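Please keep the sequence and the structure at hand while reading.

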Amino acid sequence: MAAVRENLVTLDVERLPVVNLRVMPVDEIGEENACPLEEQLGAMQGLVEAGELEAFGVSNVSTEQARVALDAGAVCVQNAYNLLMRDDDATLELCRERGVAYVPFFPLGSAFEHLPKVGDDRAVQRMAAERGVTPAQVGLAWLLARAENVLLIPGTSSIAHLEENTAARDVTLSDDDLMTLNALR
């Protein structure tokens, strides 16, 4: 709650459109720092009722936690997901069924060395070269084709990179392309 109020002051606004509650795994924060999800969701609901938030979402949750959050009024779920890392298919499907936005983080892989990067995959590189687009655009286009409720937030440090990422919406993947990409893991 304090972070939301700090953002309100920093941004000089009375209300934020949406804030995602990042749910921390107990093994990362320790049992002594754990707070039940229902309590955390209650705090988010309180911020909405107080008019400080228009809505809230959740991030870094299991499918069951997403179900609980959606029942409590969450409007989006933000989890790690990309072409090569699809462990969260069930949560994406739950969000699709509920008509709720699913926001993949690490949509092109990760800055963490041990996780795969979409742009490094040879099949993705080959497909990109055949179409005259970047491997990143192929990976982002696959996400957009995956489900109508996928909402991409193009992270970038330059206008050129932003334009490149947003151009992924114009990349059309054929059924054969999607079959090839869906076979990757």
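Of the contacts in the protein with a separation of 6 or more, what percentage is accounted for by residues 24 or more positions apart? In this predicted model, such residues account for 65% of those contacts.

**Fold and dimensions**

- The secondary structure of the protein consists of nine helices and four strands, and read from the N terminus these elements follow the order α-β-α-α-β-α-β-α-β-α-α-α-α.
- The C-alpha trace extends over about 50 × 35 × 30 Å along its principal axes.

- The protein has 185 residues, of which 38% count as buried.

**Nonpolar core**

- The largest nonpolar core contains 45 residues, and the members that touch the most others are L53, V77, L83, W142, L173 and L181.
- Helix α7, which covers residues 135-146, provides the largest share of this core, with five residues.
- When residues up to four places away in sequence are left out, L173 touches M127, V138, A141, W142, L178 and L181.

**Aromatic rings**

- A pair of aromatic rings is described by the distance of the centres and the angle of the planes.
- The structure holds three aromatic pairs, and in one of them the ring centres of Y81 and W142 are 6.1 Å apart with planes at 20 degrees, under the 30 degrees cut-off, so that the pair counts as stacked.
- This pair links distant parts of the chain, since Y81 lies in the loop between β3 (76-80) and α5 (89-98) while W142 belongs to helix α7, 61 residues apart.
- Both residues of this pair, Y81 and W142, are buried.
- The ring centres of F105 and F106 are 5.2 Å apart and their planes stand at 75 degrees, over the cut-off of 60, so this pair is edge-to-face.
- F105 is partly exposed, with a relative accessible area of 22%, and F106 also counts as partly exposed, at 26% relative accessibility.
- Y81 and W142 form one aromatic cluster together with Y102.

Conventions. Residues numbered from 1 in each chain as written. Predicted model: local features only at pLDDT ≥ 70, side-chain atom pairs only at ≥ 80, totals over all residues. Heavy atoms only, no water. Helix = DSSP H or I, 4+ residues; strand = E, 2+ residues; numbered from the N terminus. Buried < 20%, exposed > 50% of the residue type's maximum accessible area, 1.4 Å probe, protein only. Contact = heavy atoms within 4.5 Å. Core = buried A, V, L, I, M, F, W, Y, C linked by side-chain atoms within 4.5 Å. Phe/Tyr/Trp six-rings, centres within 6.5 Å; stacked < 30°, edge-to-face > 60°.
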